[in-house]
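Dear colleague,

Please find the structure below, together with its sequence. My notes on what was found in it follow directly after.

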Amino acid sequence: MIESARKVLITTHIRPDGDAIGSMTALKGIIEDLSERKGQERQVQLLLLSNPSENYMFLFAEKPWIWGSDILSEQPIDDLLEPFDLIIVVDTSAVRQLPGISEYLVERTKNAEQTGKNVLVIDHHLTGDAIGNCLLVDPGVCAAGEIVFDLSGHLLKRGEPLKTDVAGALLTAIGTDTGWFRFENSTARAFEIAGELIRAGVKADELYQKLYQNFPPERLMLLNLTLETLELQYDGRLAVMQITKAILEKSRAKRSYIENIVNEPQQIGTVIAVVLLVEQEDGTTRVSLRSKNTIDVNAVARKFGGGGHARAAGLTLKADLAEARKRVVQAMGESLP
Ligand code: AMP
Ligand code: MN
Ligand code: MN
């Protein structure tokens with residue numbers, strides 16, 4: 001599909017994380033490398049559904065399309081997407097994580113056989129919807145970036161090293177989704193790929209600094225105020241924190257700085273699971289769930305229409321923060337051993 005396509009669009013889930021952005025930018029680089037080697041003309045366009053956190057901006061060689069934030073949003077999304085003969089969705093296939101474009105993608109998937117307009121999904125989540133007439137989905141890999149890495153071996157000539165910027169994007173994908181090689185998905189294969197990427201010229205320490213040590217002080221103020229809300233429940237096994245609009249205002253932090261704060265309570269020995277509730281502008285509540293082991297937080301998230309992985313999942317509830325807190329904390333409590 002990639003070899004025969006001439007206009008390729010790559011997109012990913014809303015609130016894109018390091019795996020989402022690393023995988024899409026790496027794939028763009030790999031496909032452009034392929035075109036160059038074969039002397040083919042190919043356009044590769046990136047589409048984001050919300051603004052990325054600025055610590056990921058260095059990964060974009062050129063400005064991506066950002067749906068909802070500029071002129072693009074004034075034309076129907078179908079008109080924008082139809083000219084592409086291949087659409088690749090990375091790091092999700094959940095309708096709820098693709099707001100605005102999911103209807104088009106589902107419809108396009110249904111008709112792909114007749115129209116030849118393909119939808120390729122590259123994902124590693126346990127759950128997904130009817131998006132993609134070609135699926136490269138493996139919940140056993142550490143990140144979508146692992147699949148992109150494997151794909152690069154098929155598209156490009158084996159044995160030749162990846163370009164350093166592509167390797168950096170892939171280490172971003174794998175490094176961020178494994179919590180910099182701390183979580184359960186830090187497999188031998190994850191370390192092996194990381195080794196290859198470092199051999200391709202990536203400086204892991206410099207990459208880490210760009211990703212995790214390049215925030216303004218507001219990020220720490222947000223962390224500080226969020227930690228003040230920490231409550232331990234069920235004999236200290238469940239940690240609950242919340243970020244209200246007031247906390248966001250007081251810290252002057254951007255919403256994108258919330259990423260990774262959910263992991264902090266796992267420092268406590270008794271804690272086996274964490275709930276972080278975030279008050280949204282529209283009155284809904286966004287919830288992140290994490291667990292060290294034993295609890296399947298994906299199963300809990302699914303009860304509320306969300307999803308993710310066994311150790312990291314998310315959901316959005318059409319309820320205010322207090323109501324959402326009551327319901328999710330109870331469901332988490334029931335899942336504790
Ligand atoms: P988050 O807590 O937002 O960092 O999400 C944790 C993991 O669950 C990530 O891999 C997300 O892509 C996934 N996830 C979050 N929300 C949803 C959802 N509504 N449906 C499916 N997967 C989700
Ligand atoms: Mn992701
Ligand atoms: Mn991922």
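In these notes, contact means heavy atoms within 4.5 Å. Helices (H or I, at least four residues) and strands (E, at least two) are DSSP runs, numbered from the N terminus. The model is predicted: local features need pLDDT of at least 70, side-chain atom pairs count only at pLDDT 80 or more, and totals for chains, interfaces and linings use all residues. Residues are numbered from 1 along each chain as its sequence is written, chains are lettered from A and ligands numbered from 1 in the order in which they are written, and side-chain values use heavy atoms, with hydrogens and water left out.

Helix H4

Helix H4 covers residues 144-155, and its end C-alpha atoms are 16 Å apart. This agrees with the 16 Å that its 12 residues should span at 1.5 Å a residue, where the expected span is 1.5 Å times one less than the number of residues. Because 10 of these 12 residues are buried, H4 is largely enclosed by the rest of the structure. Buried means under 20% relative accessible area, exposed over 50%, and partly exposed in between (1.4 Å probe, protein chains only). Among the buried residues of H4 are Ile147, Val148, Phe149 and Leu151. The packing partners of the buried residues are helices H1 (18-38), H5 (164-177) and H6 (188-199), with strands E5 (118-123) and E6 (134-137).

Ligand 1

Of the 13 residues around ligand 1, those that come nearest are His125, Arg286, Ser288, Arg290 and Gly307; a residue counts as near if one of its heavy atoms lies within 4 Å. By class, this shell has three nonpolar, eight polar and two charged residues. Strands E10 (285-291), E11 (307-308) and E12 (312-317) each supply at least two residues of the shell.

Polar contacts to the ligand are pairs of N or O atoms within 3.5 Å. A polar side-chain atom of His125 is 2.8 Å from an oxygen atom of ligand 1. On the backbone side, an N or O atom of Gly307 lies 3.2 Å from a nitrogen atom of the ligand, and a polar backbone atom of Gly308 lies 3.4 Å from a ligand nitrogen atom. The protein covers 84% of the 480 Å² of accessible area that ligand 1 has on its own (Shrake-Rupley method, 1.4 Å probe).

The loop between H9 and E9

Arg252 lies in the loop between helix H9 (245-251) and strand E9 (273-279). Its phi is near 60°, a positive value in a residue other than glycine, and Arg252 is exposed at 68% relative accessible area. Asn260, also in the loop between H9 and E9, has a positive phi of about 85° and is partly exposed at 28%.

Yours sincerely

Notes
Polar contact = N/O pair within 3.5 Å; in protein donor to acceptor, adjacent residues only side chain to side chain. Nonpolar A, V, L, I, M, F, W, Y, C, P; charged D, E, K, R; others polar.
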